[in-house]
Amino acid sequence: MQPPSALDERELSILIRIASNVKPVTSRETRLTRIVYALQAQKLVILTRTKGFWSAALTESGRLYLESGNYLPAPDASQSDGDEPAIDPGDFLSQLIDAGGMLRISDPDEVTRRLWLEAAQAARRDALIPDGYHLTLKGRDQGGLEIRLKTGGSRQRHMRYRTKDRRPIPVPQELKDPHPVVATLRDDLLAFTLDGPARQRALRLFQAIADEATRCCYAVRRPGDYKGGHLEVVIGDEGWAVAIQRQELATCLAAQPSSTRESPANVDVPPTQRLRLRLWQWPGSESWDWYDEDRSTLESQLWQVIVHMEKATRDICHAVAMMDGGRSPEERQHQRDELRREWEAAMAYARERILTLDRLQVLGTEMDAWQRARTIRQYADELISVVSTITDEDHRQSLSDWIDWMKSYADTIDPINKPPRFPQDRSVDPDELIPHLGRVSPYNPPPH
């Protein structure tokens, strides 16, 4: 067995984190799964499993690797490769599922490569591969080894979604009997801000999407508690927000090929005719856009939007199934409930932070007024002591009038004369919560 190959910066940082054990590395951080399995393949870490979850711990080899300046001496030459323990096929399949359906071992030595290939062959031989899935292997002889668990039997591995399976989506010429969500958008002038012909056309596009979603037995609703100018199509457990906005001139120019791009003065793009459709998973940040173009309008591209939602939902469901690692529905529901409780607690904390800042602003205003009133009264009292020293009658009367006005003004601004109440809490806009939530969405709980 050869020494482990040099780790890249990311792998080394994860190995150091596992060694420090300040923040344990577990299967709950799915983005680290492939890195951890790569470290395990080089015998730098070991995984322990409890109730379907694993946690990583440093091995003696991993400790030596870090202590010796990222280099582990080769083992005793007297140790033969035949002493390498075989990888249990059941454990191999569990690791593959935990990794989201793909294991990548970077530049394994000959023995390690053979052990992984034998585990894959044993999983096939023992009929451990779930129904509807098959294994693919890449790098059997050299280079990195990649093992994937894909949907479909071995004869279906090259099947893809065919666009001809989706018929064009008709768009109504008039908005006669709108879907309830579309009717809400039509009547909400604050959230859905398009106007004129662009507004009417966007509503008809929304209606076409709602009709097609209903035909496919998908739900159509407004996204959570957020009253933005868009609707949400729900496929299974996944929500997809659809917004239609005005396509700006700069966007139109950017979408044109450089060979045909014209100067802004020579481009005739009426704002009422050029629209952009934006799709994103609700909640989420990554988005996909469709535009009105010279050769195709949004009406002719709506089927692509539905296909994208269906395919992305299928991919998400597959990824979730891979990450579930055999958990029961009760365990998955418990995790969803826990995530929702954490989200609600984060939302409550963020709202309280916003309201606290509001209250501090009110308090600061009141204290400034109170201090200003005290200062004005002190100044007025000082002036009173010099009134008697003024011999000119007009000057003395003018100063007395000025002092009276100062005291009257101090009484007006002094909050003590009209004791304040506890500030009334206002409605907090979701966008205001974002700076206080980190990576948590203010609109809906995190996806399970």
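**Exercise 1. Classify R278 by its accessibility, and describe the salt bridge that its side chain forms.**

Solution. Step 1: R278 has a relative accessible area of 26% and is therefore partly exposed, where buried means under 20%, exposed over 50%, and partly exposed in between (1.4 Å probe, protein chains only). The structure is a predicted model, in which local features need pLDDT of at least 70 and side-chain atom pairs count only at pLDDT 80 or more, while totals for chains, interfaces and linings use all residues. Residues are numbered from 1 along each chain as its sequence is written, and side-chain values use heavy atoms, with hydrogens and water left out.

Step 1: The side chains of R278 and D289 meet in a salt bridge at 2.8 Å, N to O; the term requires a side-chain nitrogen of Lys or Arg within 4 Å of a carboxyl oxygen of Asp or Glu. This pair links distant parts of the chain, with R278 in strand β9 (residues 275-282) and D289 in strand β10 (residues 287-291), 11 residues apart. Helices (H or I, at least four residues) and strands (E, at least two) are DSSP runs, numbered from the N terminus.

Step 2: D289 has 26% relative accessibility, so D289 is partly exposed.

**Exercise 2. Describe the geometry and the setting of the aromatic pair W402 and W405.**

Solution. Step 1: A pair of aromatic rings is described by the distance of the centres and the angle of the planes.

Step 1: The whole structure holds five aromatic pairs, for which rings of Phe, Tyr and Trp (its six-membered ring) must have centres within 6.5 Å; planes under 30 degrees apart count as stacked, over 60 as edge-to-face and the rest as tilted. W402 and W405 form a stacked pair, 5.5 Å centre to centre with 5 degrees between the planes.

Step 2: These two residues are about one helical turn apart because they are three residues apart in helix α11 (residues 393-413). W402, at 45% relative accessibility, is partly exposed, and W405, at 49%, is partly exposed.

Step 3: Ring pairs link W402, W405 and Y409 into a cluster.

**Exercise 3. Determine whether L355 is buried or exposed, and identify its contacts.**

Solution. Step 1: L355 is found in helix α10. Its relative accessibility is 11%, so L355 counts as buried.

Step 1: Leaving aside neighbours within four places in sequence, L355 is in contact (heavy atoms within 4.5 Å) with D425, R426 and V428.

Step 2: The C-alpha atoms of L355 and V428 are separated by 8.2 Å, although the two residues are 73 residues apart along the chain.
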